[in-house]
Amino acid sequence: MQFFDSLFNYINDLTWGWALVPFLVVLGVFFTIASGFVQFRFFKRMFGVLWGDEDGDPSKISAREALFVSVGGRVGGGNIAGVAVAITAGGPGAVFWMWAIALVGMCSGLIEATLAQAFKRTTAEGDYRGGPARAIIHGLGENYRWLAVIYAVCLIASFAIGFNAFQGNTVAGAAADSLGVPRYATGILLAAATGFIVYGGIHRIAKASDVIVPIMAFGYIAMAVVIILMNITALPAVIWDIVANALGFREAVAGGVGAAVANGLRRGLFSNEAGLGSAPNVAATAYVRHPVSQGITQSFSVFIDTMIICSCTAFVILLGDVYQPGQADVDGVILTQQSMVDHVGSWAQYYLTAAIFLFSFSSIIYNYYLGENALAFMTEKPSALHILRIAIIAIVFVGAVAPGATAVFNFSDPMMGILAVVNLLAMMMLFPIALRLINDFRSQLSAGIKRPIFDPKKFPDLDTDETAWPDAK
């Protein structure tokens, strides 16, 4: 165990320690410039998915359902505890850099989702499967299968196994601390709910997320808006404090601008997952008329996660009196919880516990689907899928009831680091294809076509599945 612990720490240092965050930032900036700031050009179009602009075949996963599944996965502990950690370690300026990386990450999210859609495949059941592993195989060729296998293994290890244990632990800890509910009771409830959802497949996951995510997102946003309105006169000063600390006009914590940049970028990337290669697996399940349409939708998912929900947490903390710059003994979910209680009273801790439960549960079912999709890439055997489902249910329960047991899942971060490196390498090599698809989408809009359609016959050099694009007929 000591050997593996040292190995995973080394991998973590090699990826997240110094290389991966700058790589994600630089590549995101490159994609933004090379694509002509596509995330801003299509910003108004993002909102159309909410009222069904991309709806079509009712038997398929809709663009909106895929959006809510990915938002449910992106929005989690990082939006509540992660923002608090960023502010504690990097000062208010960290929030500014979270915003900055989100605006850049919106483009990375658009590119990876577009590629996932372009190379998706129709399953025997008539659904769609895709993601970076299939994009590597069908976009780069069989010679890169080894790269796709590394990606798939890391996806299962990090998200389906490791992060689901942590989600179970987070929910059980919050329920025990605020409500006095025994960990085993929370574990049984979570395991039963998880089993019911995952055995229904992607359609039940999508339907569940279509209900859970709007409730949790709008509920949390509503609470934050109430708190902001209660302190509206202090809001301009808080915004100025965020900008001043971010640009070095004022130092709130040791490390100054450097601490703000490092913590803001890292926590922002961890929260919105743009460029990490996870969300494209869900993006590929959607029925859309053009790959770029779902790319735009997934770009919107990054915006919701960081620009809206993370900002809500930041303003709740910075508008209160609990947070004191340089104070390190109160951070994470405790800081967010105490800040809410400071604003609206002790009942807020129960409200936050309910929010954490919904956030974490939506992440659990999202993480499970990532594992299912990765497994389906390696084997289609029903027995393998059954084993994965049983394992996920057990992992959620174990993570909830055994506080110390989650230490065994510390390989999650380094595995996600390798996952991100593989995804970014693939995105770099496939970016010319993504650019062609974006230009095709733009040219149709310029020709007056309000809902562009992807025709695989216009791209004969690409290994696409024509059955996945019925509108081309």
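Which element gives the largest share of the lining of the second largest pocket?

1. That share, 4 residues, comes from H17. Helices (H or I, at least four residues) and strands (E, at least two) are DSSP runs, numbered from the N terminus. A pocket is an open set of points on a 1 Å grid over the protein atoms alone, where a 1.4 Å probe fits, with protein on both sides within 12 Å along at least five of seven lines; lining residues have an atom within 4 Å of a point.

2. This is a predicted model: local features need pLDDT of at least 70, side-chain atom pairs count only at pLDDT 80 or more, and totals for chains, interfaces and linings use all residues. Residues are numbered from 1 along each chain as its sequence is written, and side-chain values use heavy atoms, without hydrogens and water.

3. The second largest pocket holds about 410 Å³ of space. Its lining has 21 residues, and the closest to its centre are Glu 125, Arg 129, Glu 372, Glu 380 and Leu 385.

4. Arg 389 and Glu 372 form a salt bridge at 3.8 Å, N to O (a side-chain nitrogen of Lys or Arg within 4 Å of a carboxyl oxygen of Asp or Glu). Arg 389 lies in helix H18 and Glu 372 in helix H17, 17 residues apart. Both residues are buried (under 20% relative accessible area; exposed is over 50%, partly exposed in between; 1.4 Å probe, protein chains only).

5. Glu 466 pairs with Lys 457 in a salt bridge, the closest N and O atoms being 3.4 Å apart. Glu 466 is partly exposed at 44%, and Lys 457 is exposed at 60%. Shared partners join Arg 129, Glu 372 and Arg 389 into one salt-bridge network.

Definitions and conventions:
Grid points are joined across faces, edges and corners, and a volume is the space filled by probe spheres set on the points.
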